[in-house]
Amino acid sequence: MKFNWGTGIALAFVAFISFIMYFIITMSVDKKYNHDLVTEDYYGQELEFQNDLNKENNAKNLAQNITYNISAEGLIINFPSDLDYTKVTGKVFLYRPSNKQFDFETPISLSNHNLLIPDKRLLDGRWNIKVDWKYNENSYLYKKEIIY
């Protein structure tokens with residue numbers, strides 16, 4: 001068999017296409033390269049966007065909004081001290097952008113104006129916190145990116 005320019009170009013194309021197909025298959029199948037969406041129900045979350053904006057505006061109109069502190073026990077979420085904490089209901093959602101397996105949601109049950117998220121539930125790094133709460137039939141939303 002004689003090796004000429006045509007054979008060389010054909011072999012180069014076959015090698016290049018094989019190389020690209022190897023990486024496409026590897027990226028599609030290997031769990032190490034799994035890139036999940038931020039949420040499974042993206043469309044449903046988009047429909048709730050205006051409600052979230054209204055809740056955030058309600059929270060901005062409060063005399064004092066939610067604050068947080070990081071302590072040795074964990075993350076302490078401080079609710080406004082001028083509100084009756086027994087009437088506060090809702091949930092806290094902590095989202096870990098790097099790994100959805102660490103995401104969790106906890107209901108708000110207060111014995112004072114503070115809510116403690118234990119240190120054992122939180123890993124070091126970036127977290128997105130979302131506090132969706134109600135007080136006297138008014139809905140509020142607090143969102144923050146924190147580094148724990």
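## Accessibility and basis

Buried means under 20% relative accessible area, exposed over 50%, and partly exposed in between, with a 1.4 Å probe and protein chains only. This is a predicted model, in which local features need pLDDT of at least 70 and side-chain atom pairs count only at pLDDT 80 or more, while totals for chains, interfaces and linings use all residues. Residues are numbered from 1 along each chain as its sequence is written, and side-chain values use heavy atoms, with hydrogens and water left out.

## The loop between β6 and β7

Helices (H or I, at least four residues) and strands (E, at least two) are DSSP runs, numbered from the N terminus. Asn-136 lies in the loop between β6 and β7 and has a positive phi of about 50°, although it is not a glycine. Its relative accessibility is 43%, so Asn-136 counts as partly exposed.

Glu-137 is found in the loop between β6 and β7, and its phi is also positive, near 70°. Glu-137 counts as exposed because its relative accessibility is 69%. Most residues other than glycine have a negative phi.

## Tyr-140

Tyr-140 is placed in strand β7. It counts as buried because its relative accessibility is 8%. Tyr-140 and Asn-54 are 86 residues apart in sequence, with their C-alpha atoms 8.1 Å apart in space.

## Nonpolar core

A nonpolar core is a set of buried Ala, Val, Leu, Ile, Met, Phe, Trp, Tyr and Cys residues joined through side-chain atoms within 4.5 Å. The largest one has 25 residues, and Ile-77, Phe-79, Val-131 and Trp-133 have the most contacts inside it. At least two residues of this core come from each of β2 (74-78), β3, β5 (114-118), β6 and β7. The most is given by β6, with five residues.

## Largest pocket

On a 1 Å grid over the protein atoms alone, a pocket is an open set of points where a 1.4 Å probe fits, with protein on both sides within 12 Å along at least five of seven lines; lining residues have an atom within 4 Å of a point. Volume is the space filled by probe spheres set on the points. The largest pocket has a volume of about 760 Å³. Of its 22 lining residues, the closest to the centre are Gln-45, Asp-52, Phe-93, Lys-130 and Lys-143.

Elements that each supply at least two residues of this lining are α2 (42-47), α3 (49-60), β3 (88-95), β6 (126-135) and β7 (138-147).
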